[in-house]
Amino acid sequence: QNDLAVQKKKIEEVETWLKKHIFQRQPKQGGSVLLLTGPPGCGKTATLQILARDLGLQVQEWTNPLSLDFTKEDLRNMFGHDSNFHTFPSQAQAALFQDFLLRANKYNKLQMLGESSENDKKLILIEDIPNQFYRDPGSLHEILRSFVRTSRCPLVFIISDNFSGDSNQRSLFPPEIVEELCIFNISFKPVAPTNMMKVLNRIAAAEATMNREKNYTLDRASLELLCRGCSGDIRSAINSLQFSSMKDCSLEKEFWSKKKKSSTIKCEEAGVSKARKKSKCDTSEDQEIQAIGGKDASIFLFHALGKVIYCKREAVSEAECPQLPAHLSEHHRDTLLIQPEDIVEKSHMSGSMFNLYLHQNYVDFFSDIDDVMRASEYLSTADVLCSNWSTRLVMESYSVSVATRGVIHSNTSRAFAHQQGGMGFRPLHKPQWFLINKKYQENCLAAKSLFSSFCLPPECLQTELLPYLAMLANPMRNQAQIAFIQDVGRLPLKRHFGRLRLEALGDKEPGVPELFQGDGADGDPEGLPSSQSSGSDLPGSQPQPIAAQAMLDEEELRIEEYDSD
């Protein structure tokens, strides 16, 4: 355990859960499920294996079966004229997975010669999840329900985070299943640079003593450069360390020496304080490390928004920074520690979608109404830059730059480094636009389905026809139509409208909801459905006119259509 680069708290959490559900398990208690999540290379599997060994547990791990190798004779028999594919030796992965869980739960490991019979405690590890469950998560949920009822040993899933938006954890383990099956989730964080440096130093020293002929020892500056580029992925860092330490790789050696020399010269030229020197060299080093086996640095939307809204700054002396003229002194700010454009790029979000989240959350972090007014003007300008469809793809990067830098610059309460404290944590929320747009799409589908005889676009139905029908006391409509007219055709009589329910943004949630993931609109806020979109089925939120339609067929009622004039 001491060799692990994982946070001690996470190791203790996993160890406590294993002890509770294996050694303190009640006789008739059902199976328990643990879900380990976190970015790749943060030590999830290594932690579980080390703890299982320390606790004396058997680990039975599922691996997806490979396709069988067929000989020419086998293929000739399977695809011959007389064959009806009855001999095709194939079985679905889901069936094999279910059979594995049954056998792993039912039978103990064979006792080999010299082994004690006391060690019969075990856990089942699933890291390589069958592909079929990604297409049909419901089948996995049924298998887990059966496992939890009948199992005698715990089941551990390990899933790596994905920054691109399609969350495997969210699709395979939605909140309702987590709550129903009492699945316990432990989320690992990226390996801290200090822990990674200790591990790399230890590995480099050990390799230098054992393989002095093949490897050479990297200096501390090279190791720090390598740590910074691996984004907390210790597996990637160790691979890069191995590749960079090889004496045979002359090209890599020259490359390292050039990069180290150039970065050293850049730092020496800046005759400023140590902290200032570090910040000036950070950007150049980050760019250099990407060419040395580094990873693309990705940020979840929650953290990207926080970096922009909290906008941390660094105090700069008057000698280092040129002063603004007297009439522009109100715009003086300390130097930002972030580059907003880089933050947006690392969040894997389109510019218009990031602006949407920023617009939803920025007001709660302002303390002066004049600042809010200036920030809203910048957001409006950013919206205008993306208003033209023909130039939108080109202007989107400019738009998000204006929005982020405008919001940062407008917040005078966070203009200087000494003003940064005292705000505390404030939750971030998803845009209300998602909820409103979803309701709008459902209303369009319902209007076309319920009032298809009028042959009008959904917008005309909702804004012109239905308010008129709502004023009429015409009984010749079914219950579904009446309910929809009352919902859409009448404005509420409240004088003051309440705020819509705000949904909190989680720290690992993708920014684009499932509603937009398959649209091809790249999560575009302006991707509203066309008025000519066809939809025959009613959404689930609307009353279903089954009984009402039967009543209409019996009475043969018909709604008269009139010309508009």
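Is H348 buried, exposed or partly exposed? H348 is partly exposed, because its relative accessible area is 46%, where buried means under 20% relative accessible area, exposed over 50% and partly exposed in between, for a 1.4 Å probe and protein chains only. The residue lies in the loop between α15 and α16, and its phi is near 60 degrees, a positive value in a residue other than glycine.

## Basis of the report

The model is predicted: local features need pLDDT of at least 70 and side-chain atom pairs count only at pLDDT 80 or more, while totals for chains, interfaces and linings use all residues. Residues are numbered from 1 along each chain as its sequence is written, and side-chain values use heavy atoms, with hydrogens and water left out.

## The chain as a whole

The secondary structure comes to 23 helices and 7 strands. Helices (H or I, at least four residues) and strands (E, at least two) are DSSP runs, numbered from the N terminus. Of the 565 residues in the chain, 38% are buried. Contact means heavy atoms within 4.5 Å. Among contacts between residues at least 6 apart in sequence, 79% join residues at least 24 apart.

## Nonpolar cores

In soluble globular proteins, nonpolar side chains tend to be buried together. A nonpolar core is a set of buried Ala, Val, Leu, Ile, Met, Phe, Trp, Tyr and Cys residues joined through side-chain atoms within 4.5 Å. The largest such core in this model has 32 residues, and L305, F354, Y357 and L358 have the most contacts inside it. At least two residues of this core come from each of α14 (301-310), α15 (340-346), α16 (351-361), α17 (369-385) and α18. Helix α14 gives the most, with 6 residues. Leaving aside residues up to four places away in sequence, L305 touches F354, Y357, L358, N361, L428 and L505. A second, separate core has 26 residues, including F133, I143, I177 and I183.

## A helix pair

The axes of α16 and α19 come within 9 Å and cross at roughly 110 degrees. Axes are lines fitted to C-alpha atoms, for helices over the stretch in contact, and angles run from 0 to 180 degrees between N-to-C directions. The two helices, α16 and α19, are therefore roughly perpendicular to each other; angles under 35 degrees count as roughly parallel, over 145 as roughly antiparallel, 65 to 115 as roughly perpendicular and the rest as oblique. On the α16 side the contact is made by M353, L356, Y357 and Q360, and on the α19 side by Q432, W433 and F434. These residues divide into 5 nonpolar, 2 polar and no charged. Here Ala, Val, Leu, Ile, Met, Phe, Trp, Tyr, Cys and Pro count as nonpolar, Asp, Glu, Lys and Arg as charged, and the others, Gly among them, as polar.

## Salt bridges

A salt bridge is a side-chain nitrogen of Lys or Arg within 4 Å of a carboxyl oxygen of Asp or Glu. The structure holds 10 salt bridges, among them the following.

| Salt bridge | N to O distance |
|---|---|
| D99 and R103 | 3.1 Å |
| R145 and E180 | 2.7 Å |
| E503 and K430 | 3.3 Å |

Both D99 and R103 lie in helix α4 (residues 93-106), 4 residues apart, about one turn of the helix. D99 is partly exposed at 34% relative accessibility, and R103 is partly exposed at 42%.

The side chains of R145 and E180 meet in a salt bridge. This pair links distant parts of the chain, with R145 in helix α6 (residues 137-150) and E180 in helix α8 (residues 175-180), 35 residues apart. R145 is partly exposed at 22% relative accessibility, as is E180 at 45%.

E503 and K430 also form a salt bridge. They are 73 residues apart: E503 is in the loop between α21 (479-488) and α22 (514-517), and K430 is in the loop between α18 (392-410) and α19 (432-450). E503 is partly exposed with a relative accessible area of 42%, whereas K430 is buried with 17%. Salt bridges that share partners join E142, R145 and E180 into one network.

## Two further loop residues

C182 lies in the loop between α8 and β5 (184-187). Its phi is positive, about 55 degrees, although C182 is not a glycine. C182 counts as exposed because its relative accessibility is 62%.

P65 is placed in the loop between β2 (58-62) and α3 (72-78) and is partly exposed at 36% relative accessibility. P65 touches Q93 and L96, not counting residues up to four places away in sequence. The C-alpha atoms of P65 and F97 are separated by 9.5 Å, although the two residues are 32 apart along the chain.
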